[in-house]
Structures are given as C-alpha cells and as structure tokens.
Amino acid sequence: MDKRKKPIRFTGIAYSLIAAVIGGIAFKLLHLPIPWLLGPMFAVLIGSNVFKGRFAWPGQFRNAGMIVVGYTIGLAMTAAALKEMSYQLPSMLLMTLLLLLWCAGIAYPVSRLAEIDYKSSLLGSIPGGLTQVLVLAEETDGVDLTVVTVTQVIRLILIITCVPLLVTSPLFGQAHEGSGSGAPLSAVSAGWDSGMILNLLVYALVSVGCAILGNKIKFPTAFLLGPAIGTAVLQWTGFPGPPLPSFVLNAAQLLIGVHVGLMLKPGRLTHKVRTISLAVGSGLLLILGALGLSVLLTKLQSVSAATGLLSLAPGGMDQMGIIAHEIHADLSMVAGYQLFRTFFIFFAVPPLLKAMFRYNRKETKRRETQ
C-alpha cells in the first residue's frame with residue numbers, strides 16, 4: 001500500500017513546488033507584498049482546487065521554514081533591543097493589552113455580521129505576524145483556518161499599503177531620530193561574511209535542537225519560538241550569528257506558503273463577499289486603533305508620531321523594521337515593541353484563549369441545562 005502511495009506523494013510535491021515557484025515569481029514581478037509567502041500560497045491554493053488531490057506537501061517542509069523564521073527573529077533580539085524593551089516594559093504591556101482589547105471588540109460584531117464563530121474572527125483580528133498567527137490558528141481547536149487566513153492577509157495588505165503612506169505623509173512629517181543603538185533586524189541587516197560559516201553551522205544545530213526539544217515538551221509554536229529563543233541566548237554569549245542571505249529567507253517563506261495554501265478550503269467559506277468586505281473593514285479599524293494608540297504613546301514617551309505608529313502597527317516585525325530603517329525612525333524601539341507583542345501573543349494569548357473558550361463552553365452547557 002505504501003509503495004503505491006509514494007509516487008503519488010512525490011509527484012504531488014513536484015506539482016506544489018512548480019506552482020509555488022511560479023506564484024512567487026509572479027508576485028515578485030508585480031511588486032506585491034511578501035511575494036515568496038503570498039505568491040506560493042495563492043498559486044498552490046488555486047492549483048490544488050483546480051487539480052484536486054494532485055498536490056502534496058510534507059509537514060516537515062513547513063517546520064524547516066519555521067526554523068529559519070525563528071532564527072531571524074532570534075537574531076533581532078539583540079542586547080540593545082532587550083535593553084530598550086526593559087525600559088519600555090510598562091508602556092509595552094499597556095499598549096499591547098489595549099490593542100488586543102480593541103481587536104477583541106472588533107472581532108465580536110464581525111463574527112455576528114459574517115456569521116462565523118468568534119474564535120476564528122478573533123484570531124483573524126489578532127495583530128501578530130501572518131506566519132505566527134496562522135501557526136497559532138492551526139494549533140487552536142475549532143478554528144476556521146480559511147477565515148483566519150483571509151482576514152490576516154487582507155489586514156497585512158492594508159497595513160503594508162497604508163502605514164508607509166501614513167508615516168511619510170505631511171500629517172506625520174519625516175522622522176529623523178536616528179536608528180537607535182541597536183542592530184537592525186535581520187531583514188535589513190548587512191555584512192554576510194563567508195568566514196562565519198562555522199558560526200552558522202553552530203546556530204543551525206542549536207536552532208534545530210531547540211525546535212525538536214520544544215516540540216517534545218509541547219512548547220507553543222515550537223518550531224518558531226524554540227529556534228528564536230535558542231538563537232537569542234547563543235547571541236547574548238557574544239557568539240555572533242550571521243544574517244541569512246535573502247534567497248534562504250525566500251525559500252523559508254515558500255515552504256510555509258505552500259503549506260498554508262494547501263490548508264485553505266475556500267469552498268467552505270460561507271458568505272464570501274460579506275466575509276471579505278468585513279475583513280477589509282476590520283483591517284481599517286485595526287489601523288485606526290493603532291493610530292489612536294500611537295498618539296497616546298507619543299504623550300507617554302518622547303518619540304515621534306512615526307515611531308509610535310510603527311511600534312504599534314499590527315504588521316510583521318520585519319516589515320515595520322524596514323520602514324523604520326528607511327525613514328530613520330527609532331529602530332530599536334520599533335523592534336522592541338514589535339518583539340514584545342509577538343512574544344506576548346504566543347505566550348499569553350493561547351492560555352487566555354483556552355480559558356475564555358472553556359468558560360464559554362461551560363456557560364453554554366449551564367444555560368442548556370436550565
């Protein structure tokens with residue numbers, strides 16, 4: 001039985017890979033956001049629905065991509081970024097909680113109007129990076145991954161389009177604070193040195209080992225956070241980790257994008273036009289909430305409006321870091337706030353969600369018995 005399945009599986013992988021490369025190239029040529037994640041995702045989504053049953057992608061490929069992403073996050077956790085986080089911790093916690101409360105408030109009317117469950121609506125509104133939130137959605141029982149992905153992708157496109165326009169507009173003015181004392185994020189780092197190949201091998205072993213260990217001890221999103229923590233700790237010892245070449249980061253995004261594309265089931269999405277329209281509306285409301293909180297942050301801290309918005313914008317850490325670098329905003333502060341929210345979402349949100357959903361189930365059962 002296994003022998004008959006192997007050729008189908010390898011052929012399916014080949015189909016998926018060809019579609020993913022075509023999708024990535026097309027998105028790159030069209031200058032669309034995150035081409036090597038979204039391009040493969042959409043290409044495989046279309047291909048797998050046109051040629052049903054012919055596409056395949058092992059989970060190990062997705063895990064390998066997550067390890068690479070975790071490594072890049074760990075590199076961003078420099079001593080300067082953590083020092084900035086320690087100074088700003090009360091403000092970070094306050095702003096993160098307010099932003100999450102705003103998201104929870106948006107998710108409720110969206111779930112009612114779109115006629116989808118609140119869990120899916122809430123995870124669709126959570127302001128984490130696309131990859132991280134999709135992993136969280138995958139690991140949460142009873143969540144419609146298609147709804148979460150559609151909402152998150154629309155939010156991401158809106159943020160990548162709107163936030164650069166906002167921070168470079170006359171409303172904000174051009175920031176000239178300097179990029180801070182911290183090293184830039186891996187996405188904007190330079191200085192790949194062939195002499196650091198040995199260092200890279202050591203980091204690869206640590207990243208893979210931490211991912212496997214994290215998975216064994218049931219660590220949340222182990223293949224992402226395990227390497228991130230292992231890389232950060234090793235970096236703090238003074239052992240430098242080289243930034244990865246762009247083609248490696250692109251390959252990692254492709255590995256994850258194909259997996260997500262195969263997970264999507266658009267046929268199961270009810271009220272398509274209504275759901276997409278509400279996703280656009282909730283994305284704009286989320287940006288509006290971040291904008292309001294950035295005004296509050298500028299009152300609490302002596303930072304520019306542009307730095308405040310980039311610190312709180314519900315986009316990916318790398319994307320916000322690149323924009324901050326380009327306009328000379330305070331990069332270490334932006335990285336610190338984005339890192340804090342990312343880790344807060346992964347460590348605090350899952351148990352909070354489980355507790356909330358467990359309470360709701362008990363309340364529902366109690367009402368049914370009355």
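This is a predicted model: local features need pLDDT of at least 70, side-chain atom pairs count only at pLDDT 80 or more; totals for chains, interfaces and linings use all residues.
Residues are numbered from 1 along each chain as its sequence is written, and side-chain values use heavy atoms, with hydrogens and water left out.

Next I looked up the secondary structure and found 15 helices and 0 strands; these are DSSP runs, with helices (H or I) of at least four residues and strands (E) of at least two, numbered from the N terminus.

I then turned to helix 12 (residues 305-312) and helix 14 (residues 331-347), whose axes come within 8 Å and cross at roughly 25°. The axes are lines fitted to C-alpha atoms over the stretch in contact, with angles from 0 to 180 degrees between N-to-C directions. Helix 12 and helix 14 are therefore roughly parallel (angles under 35 degrees).

Which residues of helix 12 meet helix 14? I listed Thr307, Leu310, Ser311 and Leu312, which meet Met333, Val334, Tyr337, Gln338 and Arg341; contact means heavy atoms within 4.5 Å.

Last, I visited Val135 in helix 6 (residues 130-138). Val135 is buried, with a relative accessible area of 5% (buried means under 20%, with a 1.4 Å probe and protein chains only). Leaving out residues up to four places away in sequence, Val135 touches Arg62, Met66 and Thr221. The C-alpha atoms of Val135 and Met66 are separated by 9.5 Å, although the two residues are 69 apart along the chain.

Technical notes:
Angles under 35 degrees count as roughly parallel, over 145 as roughly antiparallel, 65 to 115 as roughly perpendicular and the rest as oblique. Buried means under 20% relative accessible area, exposed over 50%, partly exposed in between (1.4 Å probe, protein chains only).
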